[in-house]
Amino acid sequence: MSTTPALDPAHTALLVMDYQPAILALLPESDSEALLGRMEKVIADVRATGGTVAYVRVGFTEADWAAIPPTNKSFAPVAQHRLMHHADPDTAVHERLAPQDGDIIVRKTRYGGLSTTDLDQRLRQHGITTLIIAGVSTSGVVLSTVLDAADRDYRLYVLTDGVADPDPDAHDVLLRQVLPARAHLIETAELPTLLRADQGCR
């Protein structure tokens, strides 16, 4: 029997992060297709149990590009080459995972889902204390968001097959050696049982 704590959907949010065509294109096509298929099921199950779905996407305005200093090793090239414009269709949430009315949607301009957005405030307003993390890439948005959210005292679950990275070695090291210290690691197939376990014992 699993020792992973059950989830209370009323206080749980699924974070669907950087599931955008421009980001998914960094992965092998077969990997991105499999990810999208799993995430369709996860999102549907979270909705069905009354959980919150929050989408995080990366995209830049002209002002965002102008505000990136040349000292930022990761994002200065993004600004220099005017990449990931917020209105580009490739920076929208993938159509297979399209947000619905009532979902939380934020746009970020750095790696983490919390640091350049009002996501934390909006989650708190919804009474959210637990986050289920899914995103691309593991070494980017997932790592940054887990570190930040852990410091903000959220209870965290990472979907091991709902995250991916262009670098398989980095992905494996993070899942094995870094993220377990801050989050419960689960597979997407385990989520329905965890979401319903808490309801069943009330």
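Where is aspartate 153 found? Aspartate 153 lies in the loop between H6 and S5, and the legends below return to it. This is a predicted model, in which local features need pLDDT of at least 70 and side-chain atom pairs count only at pLDDT 80 or more, whereas totals for chains, interfaces and linings use all residues. Residues are numbered from 1 along each chain as its sequence is written, and side-chain values use heavy atoms, with hydrogens and water left out.

**View 1. Phe60, Phe75 and Tyr111 are linked into a cluster by ring pairs.** The structure holds two aromatic pairs, where rings of Phe, Tyr and Trp (its six-membered ring) pair if their centres lie within 6.5 Å, and where planes under 30 degrees apart count as stacked, over 60 as edge-to-face and the rest as tilted. Phenylalanine 60 and phenylalanine 75 form a tilted pair, with 6.1 Å from centre to centre and 55 degrees between the planes. This pair links distant parts of the chain, 15 residues apart, since phenylalanine 60 is in the loop between strand S2 (52-58) and helix H3 (62-66) and phenylalanine 75 is in the loop between H3 and helix H4 (76-80); helices (H or I, at least four residues) and strands (E, at least two) are DSSP runs, numbered from the N terminus. Both phenylalanine 60 and phenylalanine 75 are buried, a term that means under 20% relative accessible area, with exposed meaning over 50% and partly exposed in between (1.4 Å probe, protein chains only). The ring centres of phenylalanine 75 and tyrosine 111 are 5.0 Å apart and their planes stand at 65 degrees, so this pair is edge-to-face. It also links distant parts of the chain, with tyrosine 111 in the loop between strand S3 (104-108) and helix H5 (119-125), 36 residues from phenylalanine 75. Phenylalanine 75 has a relative accessible area of 8%, while tyrosine 111, at 40% relative accessibility, counts as partly exposed.

**View 2. Arginine side chains are placed over the rings of phenylalanine 75 and tyrosine 154.** A charge sits over a ring if NZ of Lys or CZ of Arg is within 6 Å of the ring centre and within 35 degrees of the ring normal. The charged end of arginine 110 is 5.6 Å from the centre of the phenylalanine 75 ring, and arginine 124 lies over the face of tyrosine 154 at 4.1 Å from the ring centre.

**View 3. Helix H6 (residues 138-151) has buried residues that pack against several elements.** The 14 residues of H6 should span 20 Å at 1.5 Å a residue, and the end C-alpha atoms are 18 Å apart, which agrees; the expected span is 1.5 Å times one less than the number of residues. Among the buried residues of H6 are Thr138, Val141, Leu143 and Ala149. The elements they pack against are strand S1 (12-17), S3, strand S4 (130-136), strand S5 (155-164) and helix H7 (168-178), with contact taken as heavy atoms within 4.5 Å. In the loop between S4 and H6 stands serine 137, and the peptide bond from valine 136 to serine 137 is cis, with omega near 15 degrees. Just after H6, aspartate 153 takes a positive phi of about 75 degrees although it is not a glycine, and at 66% relative accessibility this aspartate 153 counts as exposed.

**View 4. Histidine 171 is a buried residue of helix H7.** His171, Leu174 and Leu175 are buried in H7. They cover an arc of only 90 degrees around the axis, which puts them on the same side of H7; the arc is that of the directions from the helix axis to the C-beta atoms. The face turned away from this buried side carries the exposed residues Asp169, Arg176 and Gln177. Histidine 171 has a relative accessible area of 14%, and its side chain makes a polar contact of 2.8 Å with the side chain of threonine 138. A polar contact is a pair of N or O atoms within 3.5 Å; within protein, one must be able to donate a hydrogen and the other to accept it, and residues adjacent in sequence count only if both atoms are side-chain atoms. At the start of H7, a side-chain oxygen of aspartate 167 reaches to within 2.9 Å of the backbone nitrogen of aspartate 169.
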